[in-house]
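Have the coordinates open in a viewer and follow along. We'll take the fold a piece at a time, starting with a sheet and ending with charged pairs.

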Amino acid sequence: MNATMQKQQARLQAPKAAAHPRVQSVRAPARRSVVPRAAAVEAPTKVSQETVDKCVNAIRFLAIDAVNKAKSGHPGLPMGAAPMSYVLFNEAMKYNPKNPAWANRDRFVLSAGHGSMLQYALMHLVGYDSVTMDDIKSFRQWDSRTPGHPENFLTKGVEVTTGPLGQGICNAVGLAAAEAHLAARFNKPDAKVIDHYTYCILGDGCMMEGISNEACSLAGHWGLGKLIALYDDNNISIDGHTEISFTEDVAARFEALGWHVQHVKDGNTDFDGLRKAVANAKAVTDKPSLIKVSTLIGYGSPNKADTHDVHGAPLGPDETAATRDNLKWPYGEFEVPQEVYDVMRSSCTKGAAAEEEWNAAFAAYKSKYPKEAEELEGLLSNKLPAGWENALPSYTPEDKGLATRQYSQIMLNALAPVLPGLIGGSADLAPSNLTLMKMFGDFQKGSYEERNMRFGVREHAMGAIVNGVALHNTGLIPYCATFYIFTDYMRSAMRMSALSQVGVIYVMTHDSIGLGEDGPTHQPIEHLASFRAMPNMNMFRPCGGNETAGAYKVAVSSRKRPSTIALSRQGMPNLPGCSVDGVAKGAYVIHGGEGTPDAIIIGTGSELPMAVEAAKKLEAEGKKVRVVSMPCWELFAEQSAEYKESVLPKAVTVRVAVEAGSSFGWERYIGQNGKFIGIDDFGASAPADILYAKFGITVDAVVAAAKAQM
């Protein structure tokens with residue numbers, strides 16, 4: 001170790017703030033009241049420390065070389081976190097690189113996703129077919145399987161897409177919750193067919209983001225004992241040392257959140273300490289575990305380690321050569337000694353054996369518990385039960401009109417008994433969102449088998465957690481709910497749903513100024529336009545019972561595309577012509593469909609009845625008017641040109657759209673000369689009927705807008 005590294009190591013071992021007195025150092029004797037006795041995670045006896053060091057350095061230099069070649073990336077985290085990740089991937093975790101979809105595998109999440117080369121290097125070394133050496137060399141390049149941040153839909157074996165810091169640890173909470181739920185439902189005293197851990201590596205940036213605290217608070221409340229997070233405590237962010245902005249006692253905070261907390265003071269060389277910490281964490285079954293691992297970012301770099309310079313920029317040729325000399329790594333660029341492959345790829349053999357053992361155990365389970373096995377196999381197949389959609393109710397114009405949030409409640413409770421994977425809840429608004437499945441209790445510590453999840457006032461974490469539940473890929477269909485305005489708090493998580501191709505169902509009530517007296521802080525205006533602009537997101541605004549049923553039918557069927565369903569507080573009638581099947585086409589004619597009309601009025605949600613009334617007034621004056629319901633722009637855009645022409649014929653240029661939201665984007669369907677009746681202001685506090693009148697969203701306004709074009 002050179003003088004620079006000795007100085008860095010001394011800084012690491014003498015932190016400015018003393019460790020919290022109740023946080024266990026893994027070198028201290030374990031207190032029985034906190035950590036039950038457990039077998040240690042041990043290095044295989046045939047692997048010498050010299051070989052372990054080679055494996056760790058292979059991880060480091062694959063990252064260094066890939067970032068250098070790409071001229072872009074983050075080498076510092078992989079260099080510092082290589083020892084802990086080696087212990088996880090080569091000694092602690094149960095997984096099969098040759099079958100990344102094995103249901104009972106341990107899950108791994110790199111929440112500090114900017115350090116993605118750590119994960120790619122590990123995946124390549126242990127034998128995932130999805131990350132070849134050519135993929136390593138194509139890091140961050142067009143059409144590669146090694147993008148700048150891990151992406152689950154692109155690289156098999158990557159569990160979740162981590163981009164914005166803090167999302168990954170929240171996904172990990174969702175993964176652990178999914179495991180707890182399925183284990184409670186299907187395991188028997190003599191058979192554990194769902195039994196795996198979720199591991200997560202996160203950094204200082206994840207700890208600073210508020211979303212992580214939301215999710216970790218809930219994980220502590222839920223007591224998710226199979227969630228183990230390793231905190232890469234390297235005291236560096238892009239701006240420099242974290243002492244300029246982040247000096248809290250993270251360990252004390254997590255202890256207060258209900259986590260079991262340990263500290264490995266030397267995460268660079270103390271492999272036994274890392275092994276012991278993981279073993280201790282596994283032994284604590286009633287709470288999640290945080291292992292604070294103090295490391296040097298860029299470990300091994302003589303001039304850049306422990307600085308922000310190594311965080312987000314290549315080492316460059318000179319510093320790379322110096323690092324090779326410093327760590328005594330005699331191998332060339334992208335060169336991995338066979339000895340390293342031999343050790344790391346033993347994971348394939350161990351994983352195949354573990355999967356084979358599980359298959360045998362499941363066969364015995366199936367013989368002894370055929371009913372439970374059939375249901376679990378159905379979930380694991382990720383296929384929907386045959387005929388599930390028949391449970392959705394239908395309505396006639398004679399049926400009493402309700403708010404669409406009430407219809408949503410009916411749909412959820414109709415689907416609950418026929419969709420074994422349906423699970424979800426609200427951000428402390430269940431009585432308003434109407435999202436409780438009445439036949440089930442609450443998912444809580446001690447009752448993980450239940451299917452109503454209580455997220456508390458944690459919208460942002462809620463969205464990211466349900467992404468993790470969906471990405472568990474075991475047939476669970478998660479939904480979550482809040483007021484539509486609060487998508488502002490969870491938009492990043494919703495975008496990650498769309499990017500990650502997971503079919504989360506977002507139940508968003510109080511969808512417009514129609515919520516009334518709560519005022520502009522709670523009245524969504526630009527939100528429909530915003531989510532219509534988001535790729536791979538279906539944005540629904542249904543009218544009445546049949547369209548709400550149609551929205552749920554599409555949302556449940558769409559397992560690789562999330563759906564946002566905006567629902568009203570105020571009641572609305574079940575209009576003639578509204579249908580479940582029409583929703584699947586995005587837009588369809590509900591009134592005046594014969595022949596070529598003089599005018600077309602387009603409406604959504606609670607304004608669709610207004611469009612019909614306006615059409616009837618114009619018809620009384622001798623005009624021929626067509627009314628089009630457009631509950632989902634995205635689905636309509638995907639229809640054939642012939643169908644779109646049949647609904648909105650180009651020859652008809654007199655067009656009006658009415659929607660209690662922003663005008664932004666409506667010119668796509670009404671043209672530059674069409675008229676929009678809506679709101680481009682923030683709303684106000686007053687009863688809903690007063691607001692509609694004051695903002696000019698009325699039947700008479702629609703009629704006048706149509707006449708102005710004739």
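This is a predicted model: local features need pLDDT of at least 70, side-chain atom pairs count only at pLDDT 80 or more; totals for chains, interfaces and linings use all residues.

Helix α15 lies across β10, β13 (477-483), β14 (505-509) and β16 (563-567), and its angle to β16 is about 135°. Another helix, α17 (residues 459-471), lies across β10, β13 and β14, running at about 170° to β13.

What are these helices lying on? The strands belong to an open sheet of seven, ordered β11-β12-β10-β13-β14-β16-β15, with parallel pairing. At the edges stand β11 (442-443) and β15 (538-540); each has a single partner strand, so one side of each is left without a neighbour in the sheet.

Let's zoom in on β10, residues 422-426. On one flank, β10 is joined to β12 (residues 452-454) by three bridges, and the two run parallel. On the other pairing, five bridges join β10 to β13, again in parallel. Glycine 424 has a bridge partner in each of these strands: asparagine 452 in β12 and tyrosine 479 in β13. Serine 426, for its part, is partnered with arginine 454 in β12.

Is β10 buried or exposed? Five of its five residues are buried, so β10 is largely enclosed by the rest of the structure. In a regular strand the side chains alternate between the two faces of the sheet. You can see that here: Leu422, Gly424 and Ser426 point one way from β10, Ile423 and Gly425 point the other way, and all are buried.

Now move to strand β7, residues 260-264. Five of the five residues of β7 are buried, so this strand is also largely enclosed by the rest of the structure. Both of its faces are covered, with His260, Gln262 and Val264 on one side and Val261 and His263 on the other. As for its partners, β7 pairs with β1 (residues 24-25) in the parallel sense over two bridges, and glutamine 24 has glutamine 262 as its bridge partner. Five bridges join β7 to β8 (residues 289-294), which also run parallel; there, valine 261 stands opposite leucine 290.

Loops can be worth a stop as well. Alanine 587 is in the loop between α21 (580-584) and β18 (588-591). With a relative accessibility of 0%, alanine 587 counts as buried. What does alanine 587 touch? Leaving aside residues up to four places away in sequence, its contacts are Gly582, Val628, Ser629, Met630, Pro631, Phe636, Tyr643 and Val647. Take phenylalanine 636: it is 49 residues from alanine 587 in sequence, yet their C-alpha atoms are 5.6 Å apart.

For a contrast, find leucine 154, in the loop between α5 (133-137) and α6 (167-186). Leucine 154 is partly exposed, at 33% relative accessible area. Together with Phe153 and Leu499, leucine 154 forms a nonpolar patch on the surface, with about 210 Å² of accessible area in total.

Last come the charges. Side chains of opposite charge can pair when their charged atoms come close. The count for this model comes to 23 salt bridges. One of them links lysine 226 to aspartate 195, with the closest N and O atoms 2.2 Å apart. Lysine 226 sits in the loop between α8 (210-222) and β4 (227-233), and aspartate 195 in the loop between α6 and β3 (198-203), so the pair ties together parts that are 31 residues apart in sequence. Lysine 226 is partly exposed at 24% relative accessibility, and aspartate 195 is partly exposed at 25%.

Then there's arginine 541 with glutamate 607, whose closest N and O atoms are 2.6 Å apart. Arginine 541 lies in the loop between β15 and α20 (544-557), and glutamate 607 in the loop between β19 (599-603) and α22 (608-620), so this pair ties together parts 66 residues apart in sequence. Both arginine 541 and glutamate 607 are buried.

Technical notes
Residues are numbered from 1 along each chain as its sequence is written. Side-chain values use heavy atoms; hydrogens and water are left out. Two strands pair if DSSP finds at least two bridges between them. Helices (H or I, at least four residues) and strands (E, at least two) are DSSP runs, numbered from the N terminus. Contact means heavy atoms within 4.5 Å. Axes are lines fitted to C-alpha atoms, for helices over the stretch in contact, and angles run from 0 to 180 degrees between N-to-C directions. Patches are made of residues with over 30% relative accessible area and no salt bridge: like charges are joined within 9 Å, nonpolar side chains (Val, Leu, Ile, Met, Phe, Trp, Tyr) within 5 Å. Accessible areas come from the Shrake-Rupley method with a 1.4 Å probe; for residues, only the protein chains shown count as cover. A salt bridge is a side-chain nitrogen of Lys or Arg within 4 Å of a carboxyl oxygen of Asp or Glu. Buried means under 20% relative accessible area, exposed over 50%, partly exposed in between (1.4 Å probe, protein chains only).
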